[in-house]
Structure formats: structure tokens, C-alpha cells
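Please open the structure in your viewer and keep the selection tool at hand.

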Amino acid sequence: MKFTDGYWQIREGVEAHYAVEVRDIRTDADSITVYAADKKVQRKGDTLNSPLLTLRYSSPIPDVIRVQIVHHKGKAVKGPAFELNTGETHVQLENNEQGASLSSGKLKVDISRTDTWKIDYHYAEKRLTGNGNRTSAYMRTPGNRAYVREQLELGIGEYIYGLGERFTPFVKNGQTVDIWNEDGGTSSEQAYKNIPFYLSNRGYGVFVNHPEKVSFEVASENVSKVQFSVEGESLDYFIIGGDTLKDVLNNYTTLTGKPALPPAWTFGLWLTTSFTTSYDEETVNHFIDGMIEREVPLHVFHFDCFWMKEYQWCDFEWDKDVFPDPEGMLKRLKSKGLKICAWINPYIAQKSALFDEGMEQGYLVKTKEGDVWQWDKWQAGMGLVDFTNPAAVKWYQGKLKRLVDMGVDSFKTDFGERIPTDVVYYDGSDPMKMHNYYTQLYNKATFELLEQSLGKHEAAVFARSATAGGQQFPVHWGGDCSANYASMAETLRGGLSLGLCGFGFWSHDISGFEKTAPPDVYKRWVAFGLLSSHSRLHGNESYRVPWLFGIEAVDVLRHFTQLKCSLMPYLYSASVEATVRGLPVMRAMVLEFPEDRAAHPLDLQYMLGESLLVAPIFNETGDATYYIPRGTWTNYWTGERKEGGSWITERHDYFSLPLWVRPNSMIAVGSNHLRPDYDYADHVVVHAFELQDQSAAEAAIYSTQGELELTVKAERTGSTIHVQVIGIHHSTKPWSLILRGITEVDNVLGADWKATEQGILVTPGAGTSSAITIEL
């Protein structure tokens, strides 16, 4: 929210009380409390008739500092609140005549007692940000509404990222962002997934600990500041440090929750009925058999809204006029090797038999008058499940459990953004806070039901809405995009922004949801979609089977689906890393190359895991213009090598796009190009690219349960490469190593070798040692 009129003036009717002078500083065992007056106190009378702001500095985990600003603390605090993982953190405190400081790990806050309000945050002696005159403030606006506002300084050349899945420009400088979930598509400033967390290219993050609306002015109201404010009498936020941007995300997700590991099968190709199309079991089988006949690997089939009868969403009952034998149908589909996903939402239409049941039991959100809240948007007379009521959660989960027992493996948890604020919740939650937080309860209830029913690492939702902490319940997809190149690009921007908020897994509607893409867009989007963490063909009013877009579209879809399946050992390793460190599988370039200023604003390309650079093509000519950071990179397809630190322009057919391997990388390639879920360690081939002198690289191969099975580590010294193999199965499961681009060796000790088109293939024999030496 904006409070000023330009730099000098306050907006009409706004009353500003800034933290101006430190009046007292108190310390206890683990925190500092600062009392700040809103004026220079020159005589005792100046202490009368004006507010005193209380600021408390503490640390929930190492390298994170919590800041709590309070005006009046007597206001009753209602939930919900973000669930944070906090503990006892050792801090170092100082309090003297010059000021006070609190250090947590390498992160430190300095509070000055000088004449000017001055707060500084340092990480390992490097100043990150801070604030000074006219920054921390308590505001009153017309209508006597109260706000607490904070401003943090922006450095010259500092970029801000994140704030959720935002489709506006990737670098958020110059933008006004309200954290308020809305169903606005992908072509506006509205967002389905609003996260009050931003990441700075200076190496820190800021998390505003409020589930209600948080207003951010990023270099907009004041071009040298990031401003954020909430309505009420207090403001709570965290400064998050780390040695790298990756460490900042790790610390943030340690605080708010790590992503769960999705089942391996979810990484395969998903196909849906689409939204408003007509379909029955015959149509579904036509789609699936058509994919089988054309040898296109298909792994998940999704039933969208109309698996239930119209006007009855959600009653969780198959429309018997269309699917007279749902149990038998699901068995028949699963016999073809498919997993099944079904669409749901958290709304209960009045025509649904569940409406009366929910109304009678008190399971639906109520109005202030005690009636069931209803409206006709989306579903006629629909009510809203009250997930603050434990009995309602069990009731809802019971309906889902019946479907799981029938054969459904996953749920698309659609909606969750259209949440009213003039209602009453079972547990007395503040409806303003529940607007954004509702999706957390909705997705959590669904995810936990799947986990309880199917087992750990077997649960996955396909969610549209989210708030902070929602990364714990993957997967999320980008909402209603349009079938054109502009929407494809805005979709990527949204995904990269969400990834910089700790969401590890993300997808999108391949070829666009609204309308029908021309074959050109379909084929280019297929390449992008299959090189995303999750891949789904879905649309609004038309089917997305490839043969409707031409014979070549079938071949393109087969080509990239097989590529993704073969890359699953590498992708699943990146996925395990997401669960441990909170890093996205699809990574903005700035996350991997923070030292390269040219990489900081890039949003038309990304890193897939740590080592693969992907640059989707966004035009009908097949032209790609992209940037490669410094070093010698290798084209994954052709083996061509290029020196980075420059821009490249080239043209690609539909079976290609820029896919480059980072120098000093090892990519584990699997033995199965037809399925995403297989034994990744069995006959895995580790491709080594540009191993650098005096450097080490490694590939970790996990089971589909996330258990480490095999690690291949290579270290080069001059012309000698030492390979070490660690893993309980390395002597029983065959594996091999390809030195990409190397055509000759002098000797190999501990393994057999031969020259191939891609490079030297090194194959350990049965019972060989875990150490291999290669002389170039």
C-alpha cells in the first residue's frame, strides 16, 4: 500500500509515525528489544501524546533474524498462522553506549544509538541491507485504519525476485505486489500462488510472516527501497542469510518446510480429458490406445471436472450416465500401466447430495448470521468446506479415500483462491488471514490422505493455489495460460519466480489452456513441457492428443517424452536435492550463476537441475537467442562445444532446442526411455562433461524411494582422472561411464573401455574394485 505522495509529501488523510529515536534497548538471553520514539525527545513533555514503537530482534534458526514491530500489543491475535520450524538458536548479543547487536550464525543486526534511526544487517561482514530515516513506521489512513510499514534499502544494481508465481516481469523492481490469491489467469498481475517472500541478488531473503494481505512496493513508492506493510498493530518478518542464494533458500525452507518427494511416476507424461470437451470411457480409451499405437509413452491419465455430473461438483461420484462402471474402467486403464488422477475442488454445490450432509453437520463455512455461506460463481449455490473443523477434514478425506480405494492415485486440487472474507470459520480464524491460507489446509488435507492411503513418497497433488509453506505438498501447476507464445513465456516467468520461493516442483498446461494452439506452438511447448519437472497435456475446449496437431507432433511428443524418461536418474537426483535443500528442479539462471551479472535478469531460459541449460523456443521460425555463462559447455544432443560468457543465436527444428551441459558435470542417464519409474541404478550410464583439472564432479543415483544407491565421483589431476564408486549396489548393478568429447585414452585401470561416437565408454567388470584410473 502506498502512503506517500512523491518523496516529500504524505498522502492526504495519512498520519505517519516513524521510528526516529532509540529511547531504550533491553537484552535478555536470546533477543534485543528496542523502544523507538516517533520524534526527537528534547524535554520530558515530548514523551506525551505520541506512540512508542517496540521492535524485538531474535533468531529462530542460525543465519535468520526475526524482526517484530509492535505498536499496541493488546489486540487479540487470531489465527491462522504459518507453521514455522523454530528452535533454540545460539545468538551473540552486545549492548553498549554506541548501540546493540545480535548475531546468529554469520548474520548480524546492528542497532545504532546515534541521533539518526539506523539499522544494518551484515552477513560475514558484508552489508546486505538496512534502514534509516522515515522507514520503520506506524501509519493511520482515512477511516482510522492502522498499518505497520517497513522499508529496507536496495543497493545499486540490486534485483528482487520471487513473491510467488508471478507472471509480471521476472525482476520485481518497479512493481507493486499485493499478496492476495486470485483466479486471474497467467496474463495479469494477479496470481494463484502469492508468497510473502523475496530473494535478492545481493545474497539474502526476506519473509513477511503474515498469511493475510501483505503489500509490497519494490523500488516503486521509493525507488531505493523495498517497502512492505500489513494492516493492524504489528509486523513480523525475517531477514534470511546464507553463503549463497541456494543457502538462503535452504534456510527459508528449513523455516517454512521442505518439499516432499513426489512419486517417480509423476514425472512422466500426463494426458487429460481437457475441461469442457465431451468424453466417456470410449473416448478415453481412444486417446490412450492412440498413444500406444503411435508408441508415445503415456504414464498418467487425468479426468477433469466432468467426471462428475454437472451442477454437482463436488459430490465425488462418477457420472453414471457417462461412466456406468467406474471401478471396472479404472482397473482396465491401470492394466495398461497408467496412474489415474481425478479433478476436485473445495466447493460443494447445492445440487450435490453432500451439501445437505455438510450443512447439517456444520462442515461448511458460515456467514456472520450463522447461515451457510453460498454464491453462484463457478457452481450454483456452492458452499465452502471448512477445513478449520477437524471433523470436516475427516469427512472430506473420507470421500477422497473411497476414490483412492477405487483406483485413483492422485488429485488435481483445483481452485482454493476464491475464498470470501465476510464469513465465520469453525475455529474462529480471521477470515482475512484465511483468504490466502485456506489453500494450505485444502492441499494439506488432500496430500495427507494420499500419503496415509498410498504410503510415503507415493503422494502427489496437482495444485493451482498456494501460500508460504505450500511447497511441502507438491506438485503445483501454473494455471490458465493461453495457447500462444506470449503466454508460454509468461508461464515460464511464473514458474521461475515460484521456484525462487522454495517450490521444488512445478508444471504447466502444455500448449496452453485457453483456446487451441496451432501445431507450431504445440510442438515448441511440448519441448518446454517435457523439460520441466512435471509434464501435462491439458486444455479447455479441445483435446490435446498429438495427432490432432499433425503427424510430426506425434513424433515430437514421443521424442521428448523418451528423452525425459532417459534423464530420470539425473532428474530424480535433483528432486531429492529439492527435498533436502529447498532448491527448485527448474532453476532461474541467477540461482546457479550469482557471480555472473549477465545471468541475473534472464527469464527465457533456465537450468534443469544443476547442470542442464534449457532455452525454450518462443517463435514460429525456430530461432533461439540465449546466454551461456563462462566455461566450455557441451551440446547434449550433438556434443558440440562452445565457450560461454556470450549470447548465441541459432535455429532449431522441432526435435531440438538449446540443451547445454555445464562444464565439470556428470549426468546420469537411465536404461529405460519408456517409463519414468524404473531402477535408475541398473545399467545407468554416467556422462562426464569437461572434467576440469584440480576439480571434482559427481553423480548421485537414487532409488524411486529416494534412497541413495550409487555415487560416481570423478576427480581430475592433469591428464589423470580418478573415478571412485560408492554404493551398496555398485558391484551387482552394471553401470558405465562415458567421457563425452574424449576420443582417446592411454590407459584405463580397473575397467574395460572402448571408443564410441559420444566419447570413451568405460565399463567396470563384475567384481572390479570401486576405484578406476583413466590416463588421457
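Predicted model: local features only at pLDDT ≥ 70, side-chain atom pairs only at ≥ 80, totals over all residues.

Residues are numbered from 1 along each chain as its sequence is written, and side-chain values use heavy atoms, with hydrogens and water left out.

**Stop 1.** Select residues 259–574, which an unreviewed UniProt entry lists as "Glycoside hydrolase family 31 TIM barrel"; such annotations may be inferred rather than shown by experiment. This stretch is 39% helix and 11% strand (DSSP runs: helices H or I, at least four residues; strands E, at least two; numbered from the N terminus).

**Stop 2.** Select residues 582–667, annotated in UniProt (unreviewed entry) as "Glycosyl hydrolase family 31 C-terminal". Here the chain is 5% helix and 38% strand, and the end C-alpha atoms are 21 Å apart.

**Stop 3.** Select His 210, Glu 212, Glu 231, Gly 232 and Lys 433, the closest to the centre of the largest pocket among its 39 lining residues. A pocket is an open set of points on a 1 Å grid over the protein atoms alone, where a 1.4 Å probe fits, with protein on both sides within 12 Å along at least five of seven lines; lining residues have an atom within 4 Å of a point.

**Stop 4.** Select α10 (568–581), which gives the most to the lining of the second largest pocket, with 7 residues.
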